Amino acid sequence: MKKEERRKEKGIQRYGRVLRLFWGTAIAAEMEYRLNFVLSAFTSLGNLIGSLFGLFLFYRTGYTFEGWSWAEALVVLGVFTVLQGFSSTFLGPNLNHIVQHVQQGTLDFVLLKPINSQFWLSTRTISPWGLPDIFFGCLVIGYAGRQLGIEAPAYLLGAVPLCFGFISLYSLWFMLGATSIWFVKIYNVTEVLRGLLEAGRYPMVAYPVAYRFFFTFIVPVAFLTTIPSEALLGRVELVWLLGAGLLALALFLVSRMFWQFALRFYTSASS
């Protein structure tokens, strides 16, 4: 039993060292073009200003989303911006490359490495260009929280479903990336996913009932932004928190099984 525990501990440490090597190399390479980071920050700021203006158009005449004040709606927008930054930093740079690996036959080399192929494909690189979105999103959440008098424990509670949202979004994105084994060009599919996730910048009550059902139970946008925001505001029901956790776990397990299933149909470049 102790040997097995030591083996698992060594495995975790090995993956940790690999991850530090991956990200250290990626950041060093990206920092050779530091002007791009500045441009990315201005782009993120411009997008945030546009989002704030769009939200302002709803509230300027006294209209409010049912049960959501201006400051509370800002929390949702902040969570959405953080999620957007997470996608740009961790998901896009890695999972979009799955297509290239399949096209160029370099997926063979990934599968031959003594490391989990899904881990390798999901963490091989990192892009700092999404960090401004995370920073600005946190600023918006902090500003809105100050207006609402939110205390520190509430932020910790809100972070739990937000982490579940990260896992759910990753799993969806990875499964879409895995379909490149059958369909080489999946750019349009990922853009559709991006478009659907745009709905998360507003609380779900902003949409008609049919859309709420779709964005909750078909494409789980509500679990990515609205539920973490409600948790931070201290008004989420326990069943929704449990649902967010179960959804994240289920999607992650499905993504692992789907990847193993997809590999059965992968034709090696050397075969």
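Colleague: Let's start with A248: does that residue count as buried or exposed, and at what relative accessibility?
Modeller: In this predicted model, A248 counts as buried, because its relative accessibility is 2% and the cut-off for buried is under 20%.

Colleague: Where is the place of A248, in which helix?
Modeller: A248 belongs to helix α12, which covers residues 238-263.

Colleague: And which residues does A248 touch, not counting those up to four places away in sequence?
Modeller: With those sequence neighbours set aside, A248 touches F164, I167 and S168. As for spacing within the chain, A248 and E237 are 11 residues apart in sequence, and their C-alpha atoms are 17 Å apart in space.

Colleague: S168 came up there, so where does S168 lie?
Modeller: S168 sits in helix α8, made up of residues 152-178, and S168 is buried too, since its relative accessible area of 3% falls under the 20% limit. Leaving out residues up to four places away in sequence, the residues that S168 touches are L224, L247, A248 and L251.

Colleague: Switching to the core, which residues touch the most other members of the largest nonpolar core?
Modeller: That core has 58 residues, and L55, L121 and W259 are the ones that touch the most other members. The element that gives the most to this core is helix α3, residues 70-95, which supplies 12 residues.

Colleague: What is L55 in contact with, leaving aside neighbours within four places in sequence?
Modeller: Once those neighbours are left aside, L55 has contacts with F65, W70, A73, L74, L77 and Y202. Another core, of six residues, lies apart from the largest one, and its members include I227, V236, L241 and A244.

Colleague: Which residues does E230 touch, if we skip those up to four places away in sequence?
Modeller: Skipping those, E230 touches W68, R235 and V236, and E230 itself is part of helix α11, residues 226-232.

Colleague: Now the whole protein: how many helices and strands has it?
Modeller: The protein has 12 helices and zero strands. The radius of gyration is 20 Å, close to the 18 Å that the globule rule gives for 271 residues, so the protein is as compact as a globular protein of that length. Along the principal axes, the C-alpha atoms fill a box of roughly 65 × 50 × 35 Å.

Colleague: What share of the 271 residues is buried?
Modeller: Buried residues make up 45% of them. Among contacts with a separation of 6 or more, 78% are between residues 24 or more positions apart. The accessible surface comes to about 15100 Å², and carbon and sulfur atoms account for 66% of that surface.

Colleague: Last one, T267: buried or exposed?
Modeller: T267 is exposed, because its relative accessible area is 58% and exposed means over 50%. T267 is located in the segment after α12. The C-alpha atoms of T267 and G105 are separated by 9.1 Å, although these residues are 162 residues apart along the chain.

How values were computed. Residues numbered from 1 in each chain as written. Predicted model: local features only at pLDDT ≥ 70, side-chain atom pairs only at ≥ 80, totals over all residues. Heavy atoms only, no water. Core = buried A, V, L, I, M, F, W, Y, C linked by side-chain atoms within 4.5 Å. Buried < 20%, exposed > 50% of the residue type's maximum accessible area, 1.4 Å probe, protein only. Helix = DSSP H or I, 4+ residues; strand = E, 2+ residues; numbered from the N terminus. Contact = heavy atoms within 4.5 Å. Rg over C-alpha atoms; globule rule 2.2 N^0.38 Å. Areas by Shrake-Rupley, 256 points an atom, 1.4 Å probe, with all protein chains shown as cover.
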